[in-house]
Amino acid sequence: MRFLIFFAAEGDEQACARRHAFFKYHEGTEQTASSRDDYQATFLSVYGIHIDWREGIFSLLEGISHCLGDAVFSTEFDYDSDVETATVNVAGVQHVFHHYSLGSEEYDAEQARIERLLLAGGYALRVRTESLMSDTLSFLLMPASTW
């Protein structure tokens with residue numbers, strides 16, 4: 001339901017009430033001055049993960065871990081070995097990922113693995129772009145039941 005009010009018209013009274021409740025619930029989150037009055041900006045600050053074009057899979061894993069918390073999706077990075085890896089623990093099962101840069105075929109394959117892993121755990125990861133000219137890839141990570 002939270003996602004539906006993302007698109008609701010400003011004049012929709014029920015959506016306005018839900019937006020207000022959302023703002024109240026997320027009062028403690030980091031918000032910019034504009035996001036305090038802007039549901040979409042607050043929504044993205046709560047559910048969004050943003051990756052610069054120079055980053056890669058490790059940044060996505062770090063963002064997911066930050067959003068879901070270590071109890072649900074813990075990530076440990078190994079930068080000291082010859083091959084950099086990230087070990088993700090989900091529901092007691094470890095998954096190893098290698099670092100690939102955004103835009104590579106390997107990145108796309110690892111992102112697809114992450115999406116399947118999240119979906120099995122009840123979460124959905126969707127790509128969100130505000131503009132085709134942006135050099136930042138944005139994702140929304142939410143419980144699958146909310147979509």
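A residue is called buried if its relative accessible area is under 20%, exposed if over 50%, and partly exposed in between, using a 1.4 Å probe and protein chains only. With 0% relative accessible area, Met 142 is buried. What follows describes a predicted model, where local features need pLDDT of at least 70 and side-chain atom pairs count only at pLDDT 80 or more, while totals for chains, interfaces and linings use all residues. Residues are numbered from 1 along each chain as its sequence is written, and side-chain values use heavy atoms, leaving out hydrogens and water.

Met 142 sits in strand E6, which covers residues 136-143. Strands here are DSSP runs of type E with at least two residues, helices are runs of type H or I with at least four, and both are numbered from the N terminus. E6 is mostly covered, with 6 of its 8 residues buried. Along the chain, Met 142 and Ala 124 are 18 residues apart, yet 5.5 Å separates their C-alpha atoms. E6 also has a partner: strand E1 (residues 48-52) is joined to E6 by 5 bridges, and the two run antiparallel. Two strands pair if DSSP finds at least two bridges between them. Within this pairing, Ile 51 stands opposite Leu 137 of E6.

Next comes the sheet. Three strands, in the order E2-E3-E4, make up an open sheet with antiparallel pairing. Its edges are strand E2 (74-78) and strand E4 (93-98), each of which pairs on one side only. From one strand to the next, the twist averages 20 degrees. E2 and strand E3 (residues 85-90) pair over 5 bridges in the antiparallel sense, and Phe 77 stands opposite Ala 86 in E3. As a general point, side chains in a regular strand alternate between the two faces of the sheet.

Two helices pack on this sheet. Helix H4 (residues 57-68) touches E2, E3 and E4, and its direction makes about 150 degrees with that of E2. Helix H5 (residues 105-120) touches E3 and E4, and its direction makes about 160 degrees with that of E4. For such angles, axes are lines fitted to C-alpha atoms, for helices over the stretch in contact, and the values run from 0 to 180 degrees between N-to-C directions.

Helix H4 also holds Ser 65, which is buried at 10% relative accessibility. The side chain of Ser 65 reaches the backbone oxygen of Phe 73 at 2.9 Å. Setting aside neighbours within four places in sequence, Ser 65 is in contact (heavy atoms within 4.5 Å) with Asp 70, Phe 73, Ser 74 and Thr 75.

Now for the rings. The structure holds 3 aromatic pairs. Rings of Phe, Tyr and Trp (its six-membered ring) pair if their centres lie within 6.5 Å; planes under 30 degrees apart count as stacked, over 60 as edge-to-face and the rest as tilted. One of the pairs joins Phe 58 and Phe 77, whose ring centres are 5.2 Å apart and whose planes lie at 50 degrees, so this pair is tilted. Because Phe 58 lies in helix H4 and Phe 77 in strand E2, the pair ties together parts that are 19 residues apart in sequence. Phe 58 is buried at 4% relative accessible area, whereas Phe 77 is partly exposed at 25%. Phe 77 also pairs with Tyr 79, this time stacked, with 5.9 Å centre to centre and 15 degrees between the planes. Tyr 79 is partly exposed, at 47% relative accessibility. Put together, ring pairs link Phe 58, Phe 77 and Tyr 79 into a cluster.

A search of the whole structure turns up 2 salt bridges, a salt bridge being a side-chain nitrogen of Lys or Arg within 4 Å of a carboxyl oxygen of Asp or Glu. In one of them, Arg 54 meets Asp 52, with the closest N and O atoms 2.8 Å apart. Arg 54 is exposed, at 61% relative accessible area, while Asp 52 is buried, at 16%. A salt bridge also links the side chains of Arg 113 and Glu 110, at 2.9 Å from N to O. These two residues are 3 residues apart in helix H5, so about one helical turn separates Arg 113 from Glu 110. Arg 113 is partly exposed at 29% relative accessibility, and Glu 110 is buried at 8%.

Conventions:
Polar contact = N/O pair within 3.5 Å; in protein donor to acceptor, adjacent residues only side chain to side chain.
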